[in-house]
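Subject: Structure for you to look at

Hello,

Here is the structure I said I would pass on. Please open it next to this email and follow along.

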Amino acid sequence: MPPPICVLAFSIALLALACAPARAQVTDLEQDIRQRAAAIESKLIAWRRDIHEHPELGEQETRTAALVAAHLTKLGLEVRTGVGQTGVVAVLKGGKPGPVVALRADMDALPVKEPTGLPFASKAKGKYLGREVDVMHACGHDAHTAILMATAEVLTAMKDKLPGTVKFMFQPSEEGPSLYAAFTGGSWGAKQMIKEGVLADPRPDAVFGLHVSSGLPVGRIGYRPGPAAASADELRIKVTGRQGHAGYPWRAVDPVTTAAQIVLGVQTIVSRRTDLMKSPTVVSITTINGGARFNIVPDVVEMTGTIRTYDADVRKGVHADLKQVAENIAASANAKADVEVIELYDPLVNNAKMVARMAPVLERAADGNAQPVNQTGAAEDFSFFLNEVPGMFFNVGVVPADQDPAKAAPNHSPNFFLDEKSLVVGVRALASVTVNYLAGAKTD
């Protein structure tokens, strides 16, 4: 027999009374975060501008890492440098026992030339795959680094109130290595930091990260449970025929026409073979190289491209289908196709329970301006952290209020522009999800 309604009401009331101190504690912590973040906003902007003016490519972020390490050391944290080449890790022990939260920011820039105009525009040069290039923070990692530096300062000032531990991870090479080609093997960025023990001693119970977005208006936070960003795999196809005179193509085996047929054939992998109810999928051939003269059928044509999926099984199936389609089309022309797929980044999958729990926190941090967003076709190596630890990755809009995000220059563009009003929102968000997790129960 079910208990009387009055008993249920009394039980609920007792539960509410039991939870009230925890809610009050979190409310006080969030208010403290808001005040402290506002107090250092000018410093936050100055850090971002300094890092923006002095960008560095993946695994070469020595100046940025030194700036970060000096700041964390000044805060009195336990600091470790040289993690994953140039990464910096610091640990903040709260005044009360509790779980461990890890926060991550990436530090590397891109081989992009920045237009003049900003007083802190980059004039930096760097080495990319052996050649000198212009360097720019065209993806906003300068903002990520500055936001986490400020978050570390805010939370350190509150450490006596924190029920747990916070690990700050400043990561190199999210965009990939700059000193060697990714397809040559090895690991970098998040994967390399994990190999070197960044998730040990202490091991986090949750991990959080953010990315500034040119697809959202300034100050808006976007989040998504489950698969949120695509995997990224590099596709390389070598088509070998038999060289000959272009006036006598029947005496040759033409890898050019064979490559063209393969380009068309692989499109059927998405349109006819892949279950799009499980995962949106993209296969793009982006380079084709072969031949040296107008009247010679070449011996070889080489193609490269990218594969994007959001599901591990779909990803595996697409890889197998690519090999089958390319090899059989080539064989039908008496040519040969060698297919290589290099897995670079896993799909980024947010923990659904964590997103449900933290969505109201993000709404408060963004003054109600937070909402679910669509999946992105871009990839992000924060996925490797989420493979190991429950957590979530969210976006912070940076498009000025008087601009249409649909028309704004995207991340990776030389015209990418960031409204600095977004920075303090990022600090509030990262710090708030941290204290809310520390103050509550674990999320599976």
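This is a predicted model: local features need pLDDT of at least 70, side-chain atom pairs count only at pLDDT 80 or more; totals for chains, interfaces and linings use all residues.

Residues are numbered from 1 along each chain as its sequence is written, and side-chain values use heavy atoms, with hydrogens and water left out.

The whole chain

The protein chain has 10 helices and 18 strands. Helices (H or I, at least four residues) and strands (E, at least two) are DSSP runs, numbered from the N terminus. Along the principal axes, the C-alpha atoms fill a box of roughly 90 × 65 × 45 Å. Of the 444 residues, 52% are buried; buried means under 20% relative accessible area, exposed over 50%, and partly exposed in between, with a 1.4 Å probe and protein chains only. Among contacts (heavy atoms within 4.5 Å) with a separation of 6 or more, 82% are between residues 24 or more positions apart.

Helix α7

Helix α7 covers residues 312-332, which is 21 residues. The expected span is 1.5 Å times one less than the number of residues.

At the N-terminal end, Asp-311 caps α7, with a side-chain oxygen 3.0 Å from the backbone nitrogen of Asp-313. After the helix comes Asn-334, whose phi is positive, near 65°. The buried residues of α7 include Val-314, Val-318, Leu-322 and Ile-329. What do the buried residues of α7 pack against? They pack against β10 (232-240), α6 (255-273), β12 (282-290), β14 (300-308) and β15 (336-345).

Strands

Two strands pair if DSSP finds at least two bridges between them. β10 is joined to β15 by 9 bridges, and the two run antiparallel. β10 also pairs with β14 in the antiparallel sense, over 8 bridges. Val-239 takes part in both pairings: Val-239 stands opposite Ala-337 in β15, and its bridge partner in β14 is Val-301.

Strand β18 (residues 391-399) is largely enclosed by the rest of the structure, because 8 of its 9 residues are buried. β18 runs parallel to strand β7 (residues 206-217), with 8 bridges between them; there, Phe-208 has Met-392 as its bridge partner. Strand β8 (residues 221-223) is joined to β18 by 2 bridges and runs antiparallel to it, with Ile-221 opposite Val-396.

Two residues

Arg-104 is in strand β3 (residues 96-106). Is Arg-104 buried or exposed? Its relative accessibility is 2%, so Arg-104 counts as buried. Its side chain makes polar contacts with the side chains of Glu-380 (2.5 Å) and Asp-381 (2.8 Å). A polar contact is a pair of N or O atoms within 3.5 Å; within protein, one must be able to donate a hydrogen and the other to accept it, and residues adjacent in sequence count only if both atoms are side-chain atoms. Leaving aside neighbours within four places in sequence, Arg-104 is in contact with residues including Phe-208, Phe-382 and Phe-393.

Ala-121 lies in the loop between β3 and β4 (125-128). At 6% relative accessibility, this residue also counts as buried. Glu-53 is 68 residues away along the chain, yet the C-alpha atoms of Ala-121 and Glu-53 are separated by 5.5 Å. Not counting residues up to four places away in sequence, Ala-121 touches His-52, Glu-53, Glu-114 and Pro-115.

Regards
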